Structure formats: structure tokens, C-alpha cells
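The sequence and structure are shown first.

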Amino acid sequence: MKDVWVYRETSGRVSGEDLTGYTVEAVDGSIGAVDEHSDEVGSSYLVIDTGPWIFGKEVLLPAGTVIQIDPGERKIHVDRTKEQIRNAPEFDREKHLGAIEFHGRIGGYYEGPHRL
């Protein structure tokens with residue numbers, strides 16, 4: 001099983017590239033834009049501002065969900081549906097960013113039956 005917290009070699013991720021503001025596309029449509037991202041080894045992720053899509057909430061997506069990064073279009077394609085992302089454990093930046101327990105929960109969700 002691949003590590004859900006590591007970008008796929010085929011994603012086109014260039015280390016150090018700022019992804020802030022990139023539009024994020026699920027397999028069935030746009031889910032928002034990157035508000036923050038981390039390239040920390042073994043713990044890379046995207047924080048997505050969903051805007052009105054799910055009432056202005058943020059979601060945390062592990063880097064392993066990224067299929068392709070298109071710098072020309074400023075888009076990131078992920079291998080999950082909008083419903084899978086909507087049903088992920090609720091993310092609260094103040095409580096969960098960097099919290100090991102939440103990291104485990106969200107990793108388990110995306111590594112489990114919710115992967116494509």
C-alpha cells in the first residue's frame with residue numbers, strides 16, 4: 001500500500017513550488033482552492049478552502065490523493081469524489097493541524113475503503 005502522506009512520483013510535484021491558490025478538482029468536479037500546503041517528508045498535505053461548496057469549511061487532503069498537478073492551469077487533480085472528501089473526518093485548523101491523533105484518523109480514512 002502506498003503512503004498516503006507522500007506525493008506520487010507521477011503527480012508532477014516540484015519541491016518548493018507554491019501551490020497556494022491552485023484550484024482542486026475531485027474526480028467529479030471542483031472542490032475549492034489550496035489555502036495551505038506542506039511538503040514535510042512523510043507528512044505532506046493540502047488544506048483546501050471549500051468556499052460555499054460545503055459551507056466554507058476547510059478540508060485536509062493527504063498528498064497521496066494527488067493524481068496530477070498542472071502548473072499551467074493552476075489545478076490539482078485528486079483521486080477522490082466530492083462525497084468522499086465531504087465525508088472525511090471534520091478538520092479544524094486550530095485543533096488538528098499537526099495533531100498526531102488526527103493525522104492518524106485522516107490517514108486511516110483515505111487509506112481505507114475510501115480510496116479509489
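Ser-43 sits in the loop that joins strand 2 to strand 3; strands (E, at least two residues) and helices (H or I, at least four) are DSSP runs numbered from the N terminus. The model is predicted, with local features requiring pLDDT of at least 70 and side-chain atom pairs counting only at pLDDT 80 or more, while totals for chains, interfaces and linings use all residues. Residues are numbered from 1 along each chain as its sequence is written, and side-chain values use heavy atoms, leaving out hydrogens and water.

Ser-43 is buried, at a relative accessible area of 14%. Buried stands for under 20% relative accessible area, exposed for over 50%, and partly exposed for what lies in between, with a 1.4 Å probe and protein chains only. Apart from neighbours within four places in sequence, Ser-43 has contacts with Trp-5, Ser-38 and His-103, a contact being heavy atoms within 4.5 Å. Ser-44 is in the loop between strand 2 (29-38) and strand 3 (45-49). Residues up to four places away not counted, Ser-44 touches Trp-5, Tyr-7, Ser-38, Asp-39, Pro-62 and Ala-63.

Val-47 belongs to strand 3. Setting aside neighbours within four places in sequence, its contacts include Ala-33, Val-34, Leu-60, Phe-91 and Leu-97. Val-47 and Phe-91 are 44 residues apart in sequence, and their C-alpha atoms are 9.2 Å apart in space.

Gly-72 is in the loop between strand 5 (66-70) and strand 6 (75-78). Gly-72 and Pro-89 are 17 residues apart in sequence and 32 Å apart in space, C-alpha to C-alpha. Arg-74 is found in the loop between strand 5 and strand 6. Arg-74 is not a glycine, yet has a positive phi of about 55 degrees.

The table gives the accessibility of four of these residues.

| Residue | Relative accessible area | Class |
|---|---|---|
| Ser-44 | 6% | buried |
| Val-47 | 0% | buried |
| Gly-72 | 71% | exposed |
| Arg-74 | 38% | partly exposed |

The second largest pocket is lined by Trp-5, Glu-40, Ser-43, Tyr-45, Leu-60, His-96, Leu-97, Gly-98, Ala-99, Ile-100, Phe-102 and His-103. On a 1 Å grid over the protein atoms alone, a pocket is an open set of points with protein on both sides within 12 Å along at least five of seven lines, and lining residues have an atom within 4 Å of a point. This pocket holds about 150 Å³ of space, the volume being that filled by probe spheres set on the points. Its lining comprises 7 nonpolar, 4 polar and 1 charged residues. Helix 3 (residues 100-111) contributes the most to this lining, with 3 residues.

Helix 3 has 12 residues and spans 16 Å from its first C-alpha to its last, close to the 16 Å expected at 1.5 Å a residue; the expected span is 1.5 Å times one less than the number of residues. Which residues of helix 3 are buried? They are Phe-102, Ile-106, Gly-107, Tyr-109 and Tyr-110. Viewed down the axis of helix 3, these buried residues fall within an arc of 160 degrees, so they line one face of the helix; the arc is taken over the directions from the helix axis to the C-beta atoms. Ile-100 and Glu-101, on the other side of helix 3, are exposed. The cover over the buried residues of helix 3 includes strand 4 (58-62), helix 1 (82-86) and helix 2 (93-96).

How values were computed:
On a 1 Å grid over the protein atoms alone, a cavity is a set of points where a 1.4 Å probe fits but cannot get out, and a pocket is an open set with protein on both sides within 12 Å along at least five of seven lines; lining residues have an atom within 4 Å of a point. Ala, Val, Leu, Ile, Met, Phe, Trp, Tyr, Cys and Pro count as nonpolar, Asp, Glu, Lys and Arg as charged, and the others, Gly among them, as polar.
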